[in-house]
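Good morning, everyone, and thank you for making the time.

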Amino acid sequence: MAALSHRALRELIEMFGACDEYFTEMISAGALISGGPFEAWYTDPGPCPKRLVYQLVGSDPEHLAAAVSLLDTHECAGIDLNMGCSAPAIMRTGAGVRWMASPDRAGALMKLVRKRTKRRLSVKLRIGMEDDFDYLVAFCKRLESEGVERITLHPRTAREKFKRRPRWEYVGLLRAALHIPVAGNGDIADARELVRRAAQGCDAVMVGRLALRAPWVFAQARHLENPEGEPLPRLPERIDLEAVGLRFLELLARYQPQEFHKSRARRFFSYFCDNFTWASYLKTRLARETELSAMAALLSAYCRDHPEERTRCLSLSPGLS
Ligand SMILES: Cc1cc2nc3c(=O)[nH]c(=O)nc-3n(C[C@H](O)[C@H](O)[C@H](O)COP(=O)(O)O)c2cc1C
């Protein structure tokens, strides 16, 4: 997720117990191949290169192919192409979900990039420009025939952004229509829902915004899936939200360039603060700060003023996340 799924977040999630795979933020193919000043940060593979999927965004097939060749030299779990982003700035350039408007163009792109890597090649997409399931299946079959090995579907249309519920039933139907694994994504609200979705009609579940609000959700899901199976790292009974927020700021300082600190901290807290009663007050105050140390002081002051909110029970009973 842009400005969110960087190394600092991955390190934070690993603290609680890993998740199976991490996607990088979408990396601009053009910037990557022209050696932009921040590319080393975007491609930082830590802390677990083998479980990292690099995601590329772009509209120029030659740029994307060159970027795939470049990433092919990095140890990773796979390379993903973004055909799902519906942000106007991305769509305007012909990238993201715009690829879904042109199956021939997308098929030709896949033929080209397939030759550049032996890594697992995947695509993340939406239903398409319109709600047309048959079109989605035909589009994905085309990708499959060109060597795409996995699809992640966020089952909303381009226009819907985050409006209306995601059509999770499409994930199962798409999986039944293809020969490759299909992961589902959209509106996972807690660990229970994550486990339930993973067990029903999809090969994997991708979690987006919840990973920011509850970076411990993957550890919780593992415990739910495996109540008395293999030994797992202990899940704390209570999460110290102040400590998690402060740890994130430390990780941000260590693993991201100074130029990114403010925007990335603001993005993270725009989700993480939803753990607190006075979330919008805290978000607004944090957004005004430019230094990470000032953000840390604000978070600590909030927790001092509202001591009952500083920790949260991690019970796995229904309704708690
Ligand atoms: C701030 C933000 C940035 C995002 N950036 C990306 C991105 O870089 N690549 C991508 O495939 N999806 C991106 N997404 C979409 C998410 O991956 C995901 O499809 C969407 O948030 C729905 O899942 P969720 O309900 O679990 O968050 C982004 C979403 C948000 C809110």
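Let me start with a term: two strands are said to pair if DSSP finds at least two bridges between them. In general, strands of a sheet pair through backbone hydrogen bonds, and they do so either parallel or antiparallel. Please keep in mind that what you see is a predicted model.

With that in hand, we can look at the open sheet, which has 7 strands in the order β1-β2-β3-β4-β5-β6-β7, with parallel pairing. Strands β1 (22-28) and β7 (204-206) stand at the edges and each has a single partner strand, so one side of each is left without a neighbour in the sheet. On average, and ignoring direction, neighbouring strands of this sheet are turned by 30° against each other.

Now to the helices. Two packed helices are described by the angle between their axes and the distance between the axes. Helix α1, residues 7-16, packs against helix α12, residues 241-255, at an angle of about 135°, and their axes are 8 Å apart. That angle makes α1 oblique to α12, and α1 passes α12 in a right-handed crossing.

Which residues meet there? From α1 come Arg7, Ala8, Glu11 and Leu12, and from α12 come Arg247, Phe248, Leu251, Leu252 and Tyr255. By class, this contact of α1 with α12 has 6 nonpolar and 3 charged residues, and no polar ones.

Technical notes:
Residues numbered from 1 in each chain as written. Predicted model: local features only at pLDDT ≥ 70, side-chain atom pairs only at ≥ 80, totals over all residues. Axes fitted to C-alpha atoms, helices over the stretch in contact; angles between N-to-C directions. Helix = DSSP H or I, 4+ residues; strand = E, 2+ residues; numbered from the N terminus. Parallel < 35°, antiparallel > 145°, perpendicular 65-115°, else oblique. Left-handed = near helix turned anticlockwise from the far one by under 90°. Contact = placed C-beta atoms within 7 Å. Nonpolar A, V, L, I, M, F, W, Y, C, P; charged D, E, K, R; others polar.
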